[in-house]
Amino acid sequence: MRYYSCDSHFVEAREVFDVLDKHFGDRAPRIISNIEGKPGDWLVMPNGMKIPVGRLGIAGHSLDDPATHKLIDQGYEGFNPGVLNPRIRLEEQIQDGICGEVMYPSLNMFTWMIPDTEVLKATFESHNDWCVDYCSIAPERLIGIGCLPVPDVDAAIAEMKRAALRGVRGFMIPAHISPDRPYNHPDYDPFWATAEELGLPLTMHIFVGTSLDGGLPPHWGAPGSTIKGYTLAHGTIVNTMIDLICGGVIERFPRLKLVIAEFETGWLAHILHRLDHAYYRTPKHAVDYLTMKPSEYFQRNFTITFEDDEIGARTRHEIGLKNLAWGNDYPHHDSIWPNSIPILDKIMKGIPENEVEQLCFQNAIDLYNIDTSKLPVINS
């Protein structure tokens, strides 16, 4: 049995942001240490929002352990060794029983909230170049996901082409953007056409948007900061998914590869059923040229990741076996590393081995065209 994480992360090194200071100063995100009497390293956004770097690289440690918070207070110095050293990271993959990872941003998950396109473009160029260098030692085991400065379509297309030539094999875009110009707006069509032409997956990850609220109403709270917001966070991606499907984007660009990451999956089978029924009840709210049911568009064009979601595993056939891909979320604090295999054994109990192989390995391999001959064989 082989396992490949389709939802892990790297934590961007200090130099990703340091190169921006000369040109932009406090217009750009910056890493500042021991700010306002608070220990550790912090990503400080132009609007003053502060994100503790140390919390993003402590997989295997519990937040209710005081020793964990001492690690967080060390910032970069408190990270697991493989977070910044890709050679050690390959050893940490073996420790977890997996043979590779698709790695999303961590700090730059929040950068889309900066409205300054010039800063956003420069930040993501720096991110994408660093991403290529990080993955270069084992490009089939370390698949780095780049960032694109959406909603600026022209800038996003230019960076997609540039970074793809450098070797970036997929990109993150906001899971939530302004409803004034949703993803089904015709302005985005050149962007979707470019992604389709290049054949590169586009990922929409939890907590990633042009505003912190993820499009949720104020009385729910933001997805990352309240009980209601986190519990209902999938409302963000359901809204965007409906725009993409019922707004005709997937019909116009049938070869788009879209990934929904870290929203888990237990809610999805019901949502797809309900979306089909909603389309039947109120078809006037969709474009008039759809040729399939909404759920069929999902099953043709989308992949969604899961971590330790037993309900999603039980409803895998309703969602689609080809549409689910497992991830361990390393190195974030809620990652199941280094216990991925025993946790998966529990989640997948009673599921045929060929289906486990598809969900936890093959779907990621197919999505990113990974050369399996370059992957290690692990006795996990």
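This is a predicted model: local features need pLDDT of at least 70, side-chain atom pairs count only at pLDDT 80 or more; totals for chains, interfaces and linings use all residues.
A residue counts as buried when its relative accessible area is under 20%, exposed when it is over 50%, and partly exposed in between (1.4 Å probe, protein chains only). Beyond its neighbours within four places in sequence, E118 is in contact (heavy atoms within 4.5 Å) with F24 and R27.

Residues are numbered from 1 along each chain as its sequence is written, and side-chain values use heavy atoms, leaving out hydrogens and water.

Now step back to the whole chain. There are 15 helices and twelve strands. The radius of gyration, taken over C-alpha atoms, is 20 Å, close to the 21 Å from the globule rule (2.2 Å times the number of residues to the power 0.38), so the chain is as compact as a globular protein of 380 residues. Of those 380 residues, 57% are buried. Take the contacts between residues at least 6 apart in sequence, and 72% of them join residues at least 24 apart.

Inside, look for the nonpolar cores: sets of buried Ala, Val, Leu, Ile, Met, Phe, Trp, Tyr and Cys residues joined through side-chain atoms within 4.5 Å. The largest has 65 residues, and F191, W192, M204, M241, F298 and F302 touch the most other members. Helix 8 (residues 234-246) gives the most to this core, with six residues. Leaving out residues up to four places away in sequence, M241 touches I260, L268, I271, L272, L275, F298 and F302. Apart from this core lies another, of 59 residues, including I51, Y104, A138 and I145.

Most residues other than glycine have a negative phi, and most peptide bonds are trans. Yet the bond from Y330 to P331 is cis, with omega near 5°, and so is the one from W337 to P338, with omega near 0°. P331 lies in the loop between strand 12 (324-326) and helix 14 (340-347), and P338 is found in the loop between strand 12 and helix 14. As for phi, F207 has a positive value near 75°.

Note on methods
Helices (H or I, at least four residues) and strands (E, at least two) are DSSP runs, numbered from the N terminus.
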